[in-house]
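Please look through the sequence and the model below, and then read the short report that follows on how the chain is arranged.

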Amino acid sequence: MLKTSPKSFADPSRRGRGVTAVLGPTNTGKTHLAIDRMLAHSSGMIGLPLRLLAREVYQRCVARVGADNVALITGEEKILPKNPRYWVSTVEAMPKDIDVAFIAIDEVQLAADFERGHLFTDRILNLRGREETWLLGAATVRGILGKLLPGMDVIQRPRLSMLTFAGEKKLTRLPRRSAIVAFSANEVYAIAELIRRQSGGAAVVLGALSPRTRNAQVALFQSGDIDYLVATDAIGMGLNLDVDHVAFASDRKFDGYQFRQLSAAEMAQIAGRAGRAQRDGTFGTTGRCRPFEADLVERLETHTFEPVKVLQWRNHDLDFSSLRALDASLAIIPREEGLTRAPVADDMQVLERAARDPEVVDLARNADAIRKLWAVCQIPDYRKVAPAAHSELVLTLYGFLMREGSIPADWIAEQVALADRPEGDIDTLSNRIAQVRTWTFAANRPDWLRDPEHWQGITRAVEDRLSDALHERLTQRFVDRRTSVLMRRLRENTRLETEVKENGEVVVEGHIIGRLQGFEFIADASGSSPDAKALRAAAQKALAGEIEKRADDLDKAGDDKIVLANDGLLRWSGEPVAKLVAGDVALKPRPQLIADEQLTGPSRDKVAARIEKWLDAHIEKLLGPLNALTKAEDVTGVARGIAFQLVESLGVLDRLNVADEVKGLDQEARSQLRKYGVRFGAYHIYVPALLKPAPRQLALLLWALKHGGLAQKGMSELPGLAASGRTSIPNDKEIQKPLYRAAGYRVAGTRAVRVDILERLADLIRPAISWKPGAPGEKPAGAIDGFGFTVSVGMTSLAGSAGEDFASILKALGYRMDRRPAPVEPKPETTTAEEIKPEEVPGTEPLATDPVAEVSPAPPTLSSGDSSMPQAPAIAAGAEVQAVTEITPPTTSAEPAMIEVWRPGRPREQRKPDRKRPPRKEEAKADGVAPQDGAPATERPRPERHERHERRDKRGKDRGKDRGKGQSKRDNANFKPRPERPEKPIDPNSPFAALMALKEKLLSDKKDGN
């Protein structure tokens, strides 16, 4: 006797609060909108009708918020991060004990389905988000949802594209990108065979396929390798396909209970796969399907269908006190209008069989045992076998769980091993995948196996192997075989129907034998059979007309339709029509046509002339300044020689190679070259306008054609680097230096630096080296007292490198590095001369002071153990008084801070080998360096480089003083000393003038005191 349900729902009048129904036909973006809405909340969950669709949505969410924030739950797969914020699930597996801000349920019209409808109805009525709940589906459920969820909001979404009826077409006349729909595996296979014979192949999608196999077949279609898809109504939801036309090969299906006619709403769900996003789609009939009536066509085009009147319902508030009580709670009928009790499903059939089994009844004596029995009964019948066989498997698993606490590992290992065999035909592999999916489902239950994670990995690996094998069998059967019909027509010498499609495919009797690529026929790779020659011969007539037509189209094509690729191929509308070969000079390559013998006579001449005209215009557009230099009549003499070499090197010439010629240029000749855009840099003579990415790419291609060919090392990397405009790139020693130069770079150490960047770097270094203290204007960055400079941030930023890489650049440019003590920052502290106490200076007497003049005070003398203040420098008696402009740094036991100072030198390639020699005796004495005991002269310690420079400068000054006094050391009687240069007058406003005045005053007062 059936019982009525108790008041198990919340107050129906409040059930619709916070619920929004987003309704509309296919291709309205409902699911995409729901994903965006969910990710806008702090947490959320979305339930989807298929495991395949759940995996797709999971991947989309992971791409946007990261894998740590998204969980995936299906009957056969669980991915659970530590603290997920968003949950993606199948409707059956949606957790009921999770508190989230947003919940969405997709395809809610399935609540009317006999098999799964009660699950959707339960989620619609009982699952709510804290802040918002969305129900997504067809407009047919608007009325019933409004009745069950009073007060809910409704958003009506229009279809993004038009769906129109295209009538009836033969299978052999279906347009490309078509999906053919049938409702049995045998019919699907037969249609796929026919399409394979006619059009080269078809992908196959069945509901019985595993998700991995289904995805692989869909990917085969989506990639464009094949243009047709044959499927059951499995494509009706969960698959986003690039389909332009849907053709119904049948309009009847078996729904598990009977053969019946498809409803208009079901047809609309399938036909709606045609046309995605803003692209319109069509639908029609083919094969043995009856023509659609006008009324049905109108409803499909306008999306007008009969509304859903009742939803399938089953009580989910179950009583586990006894088997009888459980059965009674499942038999309860709904009390609300609009709900009807769902038919007996597979799980209830298994439960009825279990209730008649004495062993099961003996095991199910308490609520926990009965709850576990119900959980085992819900294992899906993936194998689609007889109910008794499925029940036997389920009850066997229940016995293991109750007697042993879990499924024995050796038993499940044996079952998995029986299925883990990738050999066999399509049906055999499909059955094995169904068996493995059962064990995958069991492995995803946390308390059914002792090591569930281990078995999850094993069953998933086996399912993947079988799925890949099944995909391979489907591809071999429906994509790769030649047809017996075509072979028979060839043997009968029947005239074959030949066609060249718009995309260049050459089709003979519906079979693709090759492709017309530009003006060259490329035979199909599989066309090596004995019939291949006959197929190509049959295609010659069609090819001749098509090639002549293409020649006319190319002759009229605009310049923007032709491009020159980095591989040296000239492409027209994406197809190669010619390739470049080296000419007499690098700037004048020759195009070589890529064409078959069908391109002859006037057509060939027309194509060749058009290609040459385009190539000349392209070179003139990008490398025009070089052509101008070649034709320049006002550039003569040495300047013309330099211009010739600059053209030969395609706009970048090493200045060192023409150093003698450059020295011989007068200003007028330089001016003539500059008029043509030539710049004289420190390291190169170049044309700045040709250093842009496009000219350099072309120059690199032309240089490689003339010097070594396009297959040489570097031609796969340098074109992209030249186009990127990077200031410097790593130096690959396997790439020739002239190739770098052709790309606009110069090899300098471990880097290759762009030519114009090197010249700008020289512009930064030059003022830093020439700067002297007291010079007017702002001190350049990196300038230092002495002949040299330090590396500045501007230099490294300009070159795009630092550290050892930048040091290698400077060394390659000829700069040498010394380490010197860091200069002390000046601290201007002044005092009057009265504060200088002579008694503090050994060997001096008190001097009269000028109360106006000021000098820097001498710090007090400290003991050797006191380092908190600087030591006072001693002033020797009779020594010249010098102005102290900075305080001596503190004397510590640590070494003084050192800096790296760069100075000009010869580039590495110009440098002579270093020759070491021992120091001379006078140098050793002057430096206070004595040879070590027993050490040979070659091992004597040498002073630091900067010390030797200072010593050399000091000796030069001493010799200058001697020459000033007429005490030349030369013995040549005819030697005449160099006249002294007149000293420049001292600026009376400079601090040096004030110090000199102070010095003279002090000396004068001293003499007066004596």
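## Contacts and the whole chain

Among contacts (heavy atoms within 4.5 Å) in the protein chain between residues at least 6 apart in sequence, 67% join residues at least 24 apart. This is a predicted model, in which local features need pLDDT of at least 70 and side-chain atom pairs count only at pLDDT 80 or more, while totals for chains, interfaces and linings use all residues. Residues are numbered from 1 along each chain as its sequence is written, and side-chain values use heavy atoms, with hydrogens and water left out.

The protein chain holds 31 helices and 36 strands, where helices (H or I, at least four residues) and strands (E, at least two) are DSSP runs numbered from the N terminus. Of its 1010 residues, 44% are buried, a word that stands for under 20% relative accessible area, with exposed meaning over 50% and partly exposed in between (1.4 Å probe, protein chains only).

Helix H3 (residues 117-126) is largely enclosed by the rest of the structure, because nine of its ten residues are buried. Among these buried residues are His 118, Phe 120, Asp 122 and Arg 123, and the buried residues of H3 pack against strands S6 (102-105), S7 (132-137), S17 (311-313) and S18 (339-341), as well as helix H4 (142-148).

Helix H13 (residues 387-404) has 18 residues and reaches 26 Å from its first C-alpha to its last, close to the 26 Å expected at 1.5 Å a residue; the expected span is 1.5 Å times one less than the number of residues. Its buried residues, including His 390, Leu 397 and Phe 400, pack against several helices, among them H10 (346-355), H12 (367-377) and H15 (426-443). After H13 comes Gly 405, which has a positive phi, near 85 degrees.

## Nonpolar cores

A nonpolar core is a set of buried Ala, Val, Leu, Ile, Met, Phe, Trp, Tyr and Cys residues joined through side-chain atoms within 4.5 Å. The largest one has 71 residues, and those with the most contacts inside it are Phe 519, Leu 623 and Leu 673. Helix H19 (residues 601-631) gives the largest share of this core, nine residues. Another core, of 66 residues, lies apart from it and includes Val 230 and Trp 448.

Leaving aside its neighbours within four places in sequence, Leu 673 is in contact with residues including Leu 629, Ile 642 and Phe 680.
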